[in-house]
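This briefing goes through one protein chain, topic by topic. Look at the sequence and the structure first, then read the points below.

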Amino acid sequence: QVQLVESGGGLVQSGGSLRLSCAASSSIFSIETMVWYRQAPGKQRELVATITMGGTTNYADSVKGRFTISRDNAKKTLYLQMNSLKPEDTAVYYCNRDRRQWSWGQGTQVTVSS
């Protein structure tokens with residue numbers, strides 16, 4: 001079972017930036033399509049951004065143009081650069097593969113104040 005550890009969250013003012021990281025414990029990471037998800041209080045977990053093994057990316061409409069997903073397969077790490085943050089981006093952010101998810105990590109809390 002692959003372990004996932006998210007980090008980089010915090011409290012930031014509206015318009016600010018954060019960079020999230022997700023470290024995977026196995027090199028199988030490099031062949032998987034990886035996804036950043038988020039879950040706000042009282043809401044279902046939602047997809048934020050995806051990146052394929054080859055680097056093709058896709059984004060939820062709500063973050064398009066503000067967030068950038070990337071990966072470093074040698075480091076087995078997934079990233080999410082978040083710019084122009086809004087209060088509605090407040091959530092716990094998780095990473096996982098796109099199908100038959102591994103066990104979920106603890107996530108990293110992002111709080112955006114207005």
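Asp-98 is partly exposed, because its relative accessible area is 37%, a value between the 20% under which a residue is buried and the 50% over which it is exposed. This residue lies in the loop between β9 and β10. The model is a predicted one.

**Asp-98 and its surroundings**

- Leaving aside neighbours within four places in sequence, Asp-98 is in contact with Thr-33, Val-35 and Tyr-37.
- Asp-98 and Ile-51 are 47 residues apart along the chain, and their C-alpha atoms are separated by 9.3 Å.

**The chain as a whole**

- The chain has 10 strands and zero helices.
- Its pattern, read along the sequence, is therefore β-β-β-β-β-β-β-β-β-β.
- The radius of gyration is 13 Å, close to the 13 Å given by the globule rule for 114 residues, so the chain is as compact as a globular protein of that length.
- Along the principal axes, the C-alpha atoms fill a box of roughly 40 × 25 × 20 Å.
- Of the 114 residues in the chain, 42% are buried.
- The accessible surface comes to about 5900 Å², and carbon and sulfur atoms account for 47% of it.
- Among contacts with a separation of 6 or more, 54% join residues 24 or more positions apart.

**Strand pairing around β8**

- Which strands pair with β8? β3 does, through six bridges, and β7 does, also through six bridges.
- Both pairings are antiparallel: β3 with β8, and β7 with β8.
- Leu-80 in β8 stands opposite Leu-20, and Leu-80 is also the bridge partner of Ile-69.
- The hairpin of β7 and β8 has four residues between the strands, and Lys-76 in this hairpin takes a positive phi near 55 degrees.
- β8 is mostly covered, with five of its six residues buried.

**Strand pairing around β9**

- β9 runs antiparallel to β4, and six bridges join the two.
- Within this part of the sheet, Trp-36 has Cys-95 in β9 as its bridge partner.
- β9 also runs antiparallel to β10, with three bridges between them.
- Ala-91 has Val-110 in β10 as its bridge partner.
- β9 is mostly covered too: six of its seven residues are buried.

**The largest nonpolar core**

- In soluble globular proteins, nonpolar side chains tend to be buried together.
- The largest nonpolar core here has 29 residues, and the members that touch the most others are Trp-36, Leu-78, Leu-80, Met-82 and Tyr-93.
- Two or more residues of this core come from each of β3 (18-24), β4 (34-39), β5 (46-51), β7 (67-72), β8 (77-82), β9 (91-97) and β10 (108-113).
- β3 gives the largest share, four residues.
- What does Met-82 touch, not counting residues up to four places away in sequence? Its list is Gly-16, Ser-17, Leu-18, Leu-20, Arg-66, Phe-67, Tyr-93 and Val-110.
- Tyr-93, which is on that list, is itself one of the core members that touch the most others.

- The side chain of Arg-38 makes a polar contact of 2.6 Å with the side chain of Glu-46.
- A polar contact of 2.9 Å joins the side chain of Arg-38 to that of Asp-89.
- Not counting residues up to four places away in sequence, Arg-38 touches Gln-44, Arg-45, Glu-46, Val-48, Ser-62, Val-63, Phe-67, Glu-88, Asp-89, Ala-91, Val-92 and Tyr-93.
- Tyr-93 and Phe-67, both touched by Arg-38, are also among the residues that Met-82 touches.

**Gln-13, an exposed strand residue**

- Gln-13 is found in strand β2 (residues 10-13).
- Its relative accessible area is 61%, so Gln-13 is exposed, the limit being over 50%.
- Gln-13 and Thr-111 are 98 residues apart in sequence, yet 8.3 Å apart in space, C-alpha to C-alpha.
- Leaving aside neighbours within four places in sequence, Gln-13 is in contact with Val-112 and Ser-113.

Key:
Residues numbered from 1 in each chain as written. Predicted model: local features only at pLDDT ≥ 70, side-chain atom pairs only at ≥ 80, totals over all residues. Heavy atoms only, no water. Core = buried A, V, L, I, M, F, W, Y, C linked by side-chain atoms within 4.5 Å. Buried < 20%, exposed > 50% of the residue type's maximum accessible area, 1.4 Å probe, protein only. Contact = heavy atoms within 4.5 Å. Polar contact = N/O pair within 3.5 Å; in protein donor to acceptor, adjacent residues only side chain to side chain. Pairing = 2+ DSSP bridges. Rg over C-alpha atoms; globule rule 2.2 N^0.38 Å. Areas by Shrake-Rupley, 256 points an atom, 1.4 Å probe, with all protein chains shown as cover.
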